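Dear colleague,

I am passing on the structure we spoke about, and below it you will find my notes on what turned up in it. Please read them with the model open beside you.

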Amino acid sequence: CLYMKLVNDDVANILECYVDDIQYVGPREGFKIFCEDISKYVEITIQEPCRKWNGLEIYQDNGDIIISQVEAVRLLVEKFASDLDKHIPKWRTKKCDHPELRDHDAFDPRKISVDSDINVTKKYQSLVGALNYLAVSTRFDISNVVSRAARMMHSPSRENYVGALNILRYLSQHDDLKLVYSKGKYIREDDNNLPVFAFVDA
């Protein structure tokens, strides 16, 4: 859930709630008031400033808020390293292009396996689920290929699994990509509107 407190039609505080975690964005005074109010009803633990939240690494640099999932990518690579070694020789050293740029579509729906291996299916579902979390959180660069991979969840072939491993291989070589939210960088002094910039396959 996302809650916003408006003051004079401007967002003053933002609360993001996920199960039993709450993320607060706003002025420090508002945070203190919020903590005092909510601690009357429930016991709270304050982690200030927030460095990690639900697999996201969050930090500030010169007023910018930076969000990444470097550690999550590295843990996922570590979990599937033996399968990467087995199915993709030299994956650690050979340069990998973006999965969308490959000649071969490993997620063609016409190539659904009739007799899929239960071990491959479990590994595939685990890997694609983790890739999907990365894709919707900070790694929008893989969202299209991961959505195509997700269509094969019910009956993946070994070829589909190798395709998912190639997505992971790409992430292992580009694990340092991050989202950067800049404070006021594009606002002119005479204009309070913040333009939205979107870069897709740039």
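**Strands and hairpins**

In β6, Ile 65 is the residue that Gln 60 stands opposite. Please keep in mind throughout that this is a predicted model. The strands β5 and β6 (residues 64-68) run antiparallel and are joined by 5 bridges, and they form a hairpin with 2 residues between them, where Asn 62 in the turn has a positive phi of about 50°. On its other pairing, β5 (residues 56-61) runs antiparallel to β4 (residues 52-53), to which 2 bridges join it, with Trp 53 standing opposite Leu 56. β4 and β5 also form a hairpin with 2 residues between them, and Asn 54 in that turn has a positive phi of about 50°.

**The nonpolar core**

The largest nonpolar core holds 30 residues, of which Tyr 124, Leu 127, Leu 131 and Ile 142 touch the most other members. At least two residues of this core come from each of α2 (70-79), α3 (81-87), α4 (118-137), α5 (143-150) and α6 (158-173). If neighbours within four places in sequence are set aside, Leu 131 is in contact with Leu 76, Ile 142, Val 146, Ala 164, Ile 167 and Leu 171.

**A pocket**

The second largest pocket, with a volume of about 230 Å³, is lined by 13 residues, of which Lys 5, Asn 13, Tyr 24, Gly 30 and Phe 34 lie nearest its centre. While β1 (2-7), β2 (10-18) and α1 (28-38) each supply at least two lining residues, the largest share, 5 residues, comes from α1. By class, this lining has 8 nonpolar, 2 polar and 3 charged residues.

With best wishes

Note on methods: Residues numbered from 1 in each chain as written. Predicted model: local features only at pLDDT ≥ 70, side-chain atom pairs only at ≥ 80, totals over all residues. Heavy atoms only, no water. Core = buried A, V, L, I, M, F, W, Y, C linked by side-chain atoms within 4.5 Å. Buried < 20%, exposed > 50% of the residue type's maximum accessible area, 1.4 Å probe, protein only. Helix = DSSP H or I, 4+ residues; strand = E, 2+ residues; numbered from the N terminus. Contact = heavy atoms within 4.5 Å. Pairing = 2+ DSSP bridges. 1 Å grid on protein atoms, 1.4 Å probe; cavity = no way out; pocket = protein on both sides within 12 Å on 5 of 7 lines; lining within 4 Å. Points joined across faces, edges and corners; volume = space filled by probe spheres on them. Nonpolar A, V, L, I, M, F, W, Y, C, P; charged D, E, K, R; others polar.
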